[in-house]
Amino acid sequence: TSTQKPTPSGFQRNEYAEAQLQEIIKKLRERANVYKEKLNDPVLSSPEGSPTASPKKPPPPKEDKKEEKKEEKKEEAEAKPEEDHYCDMLCCKFKKPPLKKYMENLRLPETIDSYTDRRYVGWLMLVTIAYNWNCWFIPLRYVFPYQTPSNTIYWFTIDVICDICYLCDLLIFQPRVRFIKGGDIITDKVETKKFYHSSVKFQLDLISVLPSDILYFFFGFNPALRVNRMLKHNTFFEFNDRLEAIMEKAYIYRVIRTTGYLLFILHINACLYYWASDYEGLGTTRWVYDGEGNMYLRCYYWAVRSLITIGGLPEPQTLFEIVFQLLNYFMGVFVFSSLIGQMRDVIGAATAGQNYFRSCVDNTVSYMNTYSIPRLVQNRVRTWYEYTWDSQGMLDESELLEQMPTKMQLAIAIDVNFAIVNKVDLFKGCDTQMIYDMLLRLKSIVYLPGDFVCKKGEIGREMYIIKQGEVQVLGGPDGTKVLVTLRAGAVFGEISLLAAGGGNRRTANVVAHGFANLFILDKKTLNEILRHYPDSEKLLMKKAKVLLKQKGKAPPGPPVQQPRGLAGLFGQKQETPKLFKAMLGARGKDGLAKLLQLKRQQDTEVKPQKIDRGKKSKQTKILKESKDKIDFTKAPRASDLLILSEAEQEAKPKEEEKMSEKPAASSASPAPKKKPKTDAKPAVTQRATSKESLIISMSPSPRAGEGEILKVEIKEAQKK
């Protein structure tokens, strides 16, 4: 026999252990509830798979441990928060980033993406400034006497700076620019360098940086020796393309660039006019420059009047002057007309969207006037056009996106609409790719203030997501009471989208409070998407069941009328049994009268009559057999009515025999006057003619959808 140790009387409870045990029990109960739900409804399965256990890694050797420690130290050093650097300036103290960040930002990558790297665009702008310096000032310094021995050092210094920009572009930036070969983007530095050296652009850039300034020692400081610097035009046009690609309103730069072309041509014409005047001799004729005033402004003014063919200029005198003027007029007509045409195209492209909008509005107004549309409707249409254009910049966003590939459409839709759709509780936990596919199917619609988004009683086949604006849910007896106001990111109509049968009716009116931009997703589109995502479909079906349990379906039809007066003290009248409704609908009141007659003959019997007990038991047996054959818990069928009619026919001859025996007995034995009264008393209560004491009436039900109410009254015969 084993001896049991008695439990100590001063037992102490460990609160921590008890709390842990309670937590474990709670988790076990939650897990049990989850498995119960899965057993009851197999659809309620989690869309996420259970994670697999990762295999254990073998312990690393000692050398690897040392390397890992070094790497951990580096990571810790990188993970340490950087010290704040402050700069004291007069009475202000502001935070500035450390010098390392500046150096990291300035460090060039191995290769440069010319389409997305803003640093490359900034460098191209610097090279373009140097190129424009050479294009504008080389002719000016060559023709006009602005470069003198006293200021040559300044001109030379600026020329050297421009040459350094050219040389850096040739050696550092251009060999790093990526290129496309066979559809692949080449990012190898060696390949990009070979590609640049084999291009025509490299040859022109190489010629533009040739040190022609060495010839200054032989021919003096002549700016014409730097004319090769003007061959750097490829960089200038590349800068124009890259700048237009990153600008929001590129047409502004196009107008400025076209104006610059016109001013540069006038500049070249002014230089040529001064050169021609110097060749003929300043002030020798009325046509040449007389040498008075600001020489550049006077020559530029003459170039403007001559090139734009304004007229009013002095007539040329010599043959050289006549030929020069003719060439100037021809060049002016051609160049000026080309620039004016280019300016027209630039301005037309800038206002193309506005012109399209105006043409659409004009065509719509013309259509409405043709069919005599009311003025109120016309004003609402104009308001819709104005708001849609001001808010979106276009009338239909899908027209712009249809021109792009599907991947680009998806990228734009994610950036624009994913933040709104991701906030919807209905789609939380669903597959991200399913949400991406849904973003491409969403339709954007703008509603004006006061427009009904949906009305009560309509069949709902879509759900709405508010992108911008507010909508109000109206209810109450008159349908004007604001129940709730929904704002951006809210969802309504999801019950119609998730109902299994579909076609749910709207339970309230939804009106746009102001200008509201809504996304619409219909049931057909959602089913097409969920066909490829079964896990997300299961999750949505689970959420649909929860929503339907919470909200439920509103009963169709008008509201139930409440009883008034004293009728409110009593409970609601019970519904008429389906058996009576079905029998009245099938056979009318005759079938009910037959049932009541058979029931009365079976249950209520008068005083003992002269009827054979064998016959009476046989009649009761027939009625019981017919009653057993009928299932009174279900609606009556044609076979049930046939059984009743057969039982009635069998019971009828027995009733006739009983009635024939009564007058025979009364005629055989004559009795005094009081006896016939007692003998005739049972005959007064005629069971066959019981319709006289049965009142059946039908009245319409006060509740809609219940049909009519059957009222049966039985009056007892008065005792004399």
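Colleague: Does Leu448 count as buried or exposed?

Modeller: This is a predicted model, in which local features need pLDDT of at least 70 and side-chain atom pairs pLDDT 80 or more, while totals for chains, interfaces and linings use all residues. Residues are numbered from 1 along each chain as its sequence is written, and side-chain values use heavy atoms, without hydrogens and water. Buried means under 20% relative accessible area, exposed over 50% and partly exposed in between, with a 1.4 Å probe and protein chains only. Leu448 has 5% relative accessibility, so this residue counts as buried.

Colleague: Which residues is Leu448 in contact with, neighbours within four places in sequence aside?

Modeller: Leu448 sits in the loop between strand 5 (443–447) and strand 6 (452–454); strands (E, at least two residues) and helices (H or I, at least four) are DSSP runs numbered from the N terminus. Contact means heavy atoms within 4.5 Å. With those neighbours left aside, the residues in contact are Arg380, Thr383, Trp384, Ala512, Gly514 and Phe515.

Colleague: Which residues of helix 5 are buried?

Modeller: Helix 5 spans residues 152–173. Its face turned away from the buried side carries exposed Ile153, Tyr154 and Leu171. The buried residues are Thr152, Trp155, Asp159, Cys162, Cys165, Tyr166, Asp169, Leu170 and Phe173.

Colleague: Within what arc do the buried residues of helix 5 fall?

Modeller: The arc is taken from the directions from the helix axis to the C-beta atoms. The buried residues line one face of helix 5, because seen down the axis they fall within an arc of 155°.

Note on methods:
The expected span of a helix is 1.5 Å times one less than its number of residues.
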